Amino acid sequence: MKTHHRTLTTIPVLALTLIACHPGGEADVETAAAAREAALAPREVRLITAEIREERPTLDLVGEVRPFDSIDVSPEVSGKVDAVHAEVGDRVRRDQPLAEVDRTTYKIYLQQAEAELAAARADLDLAAKGLDRKRDLLSDETIAQATFDQAKTSHDLALARVSAAEAASSLAQRNWERSVVRAPAGGSITERMVVAGQWTDVGQTIFRLAVGDTVKVAAHVPASWAPRLTGLDGFDFSVGSSDQVRRARLYSIDPVVSESSRSFEVIGVAGNGDGGLRPGMFANVSLVAPEVERSLWLPVSAVATSDMSQVMIVEDGAIRVQRVQVGRRVDGRMEIVDGLAEQQPVIADVSGLNRGAKVRIVEDSTSS
């Protein structure tokens with residue numbers, strides 16, 4: 001290394017010697033000496049300090065609209081689906097028909113039960129009249145007690161058959177009504193899993209219904225933002241290409257950070273009276289930190305970003321580099337997140353400057 005240094009320093013001397021040997025060399029020597037002196041002279045630099053801004057940090061995220069509550073709609077009878085009356089995205093009211101299941105068969109069951117009930121009631125009427133006659137004859141001691149008891153038993157059996165027929169008729173009526181699948185609550189259809197002609201069983205989900213006039217809006221937030229959300233009461237969002245900004249009231253903040261994404265979920269609740277928010281939509285979420293924070297900003301010209309982000313400071317007339325962490329870049333300025341103290345002077349323009357170069361401060365400004 002010493003030999004290399006010596007070689008480098010002898011180059012200007014050799015150049016001057018060659019110039020001196022050349023015709024007109026004296027003038028060239030003076031020019032070269034002036035150039036050498038200018039090259040070795042300290043560079044003039046201007047110092048600035050970072051601009052301090054007080055602001056509430058904002059984070060823009062892509063989230064999604066979810067139903068506030070969801071119900072799986074299932075038929076209460078089995079059979080072939082005759083018709084489907086609702087599609088995905090439809091808003092439905094409570095008890096609105098959504099589908100029909102084997103209506104013809106359950107109508108036949110109902111008619112059969114009603115006919116059996118009518119027959120049982122006719123048998124009961126006949127048994128009641130026979131019992132009344134037997135009671136009169138028994139009072140006149142015209143018939144034996146055993147004959148009356150037999151008539152009483154026939155009446156009681158007829159009465160029991162009427163009760164059974166009434167129960168069967170009520171069940172047939174209920175199944176006839178259940179063969180129309182109705183919305184259990186008002187809301188929006190988010191999924192349809194059945195088509196006409198398909199067989200369906202009791203308890204099989206054929207629709208999924210988002211209940212109510214409110215929705216959830218969820219977004220995943222970077223873990224680094226967790227300390228900034230203390231006191232958050234809600235956030236703004238929009239959906240699709242709409243410019244309409246809506247407000248979501250804070251519903252929950254996930255207390256656990258996902259190991260895979262290093263993020264956690266924030267969920268808000270928003271009204272959906274106009275039906276413009278449909279579960280599954282993307283939402284443009286804007287989180288604004290409740291507390292005001294101070295941030296440092298430098299012109300882009302004051303930050304070297306070729307390999308790593310650095311600023312340059314002057315120490316003992318020479319340049320020393322200082323590593324910094326940068327954040328946002330807005331309108332020709334760069335946010336300094338870490339590595340720079342407030343009011344610490346840095347060189348305003350780092351282009352063409354290197355570590356250790358000699359410099360002379362021509363202006364020491366306290367603003368950037």
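This is a predicted model: local features need pLDDT of at least 70, side-chain atom pairs count only at pLDDT 80 or more; totals for chains, interfaces and linings use all residues.

Tutor: Residues are numbered from 1 along each chain as its sequence is written, and side-chain values use heavy atoms, with hydrogens and water left out.

Student: Is V245 buried or exposed?

Tutor: V245 lies in the loop between β11 (234–239) and β12 (246–253); strands are DSSP runs of E with at least two residues, helices runs of H or I with at least four, numbered from the N terminus. Buried means under 20% relative accessible area, exposed over 50%, and partly exposed in between, using a 1.4 Å probe and protein chains only. The relative accessible area of V245 is 57%, so V245 is exposed.

Student: With which residues is V245 in contact, leaving aside its neighbours within four places in sequence?

Tutor: Contact means heavy atoms within 4.5 Å. With those neighbours set aside, the residues in contact with V245 are D236 and F237.

Student: Which strands stand at the edges of the open sheet of four strands?

Tutor: The order of this antiparallel sheet is β7-β6-β4-β9, where two strands pair if DSSP finds at least two bridges between them. A strand with a single partner has one side left without a neighbour in the sheet, and the strands so placed at the edges are β7 (180–182) and β9 (199–200).

Student: Which residue of β6 is the bridge partner of A83?

Tutor: Strands β4 (residues 79–84) and β6 (residues 97–101) run antiparallel and are joined by three bridges. In β6, the partner of A83 is E100.

Student: How much space lies in the largest pocket?

Tutor: On a 1 Å grid over the protein atoms alone, a pocket is an open set of points where a 1.4 Å probe fits, with protein on both sides within 12 Å along at least five of seven lines; lining residues have an atom within 4 Å of a point. The largest pocket is lined by 21 residues, with R228, E293, R328, E335 and V337 nearest its centre. Grid points are joined across faces, edges and corners, and the volume is the space filled by probe spheres set on the points. For the largest pocket, this space is about 430 Å³.

Student: Which elements give two or more residues to the lining of the second largest pocket?

Tutor: The second largest pocket holds about 250 Å³ of space. Its lining includes R174, E177, V180 and R182. The elements that give two or more residues are α4 (145–178) and β7.
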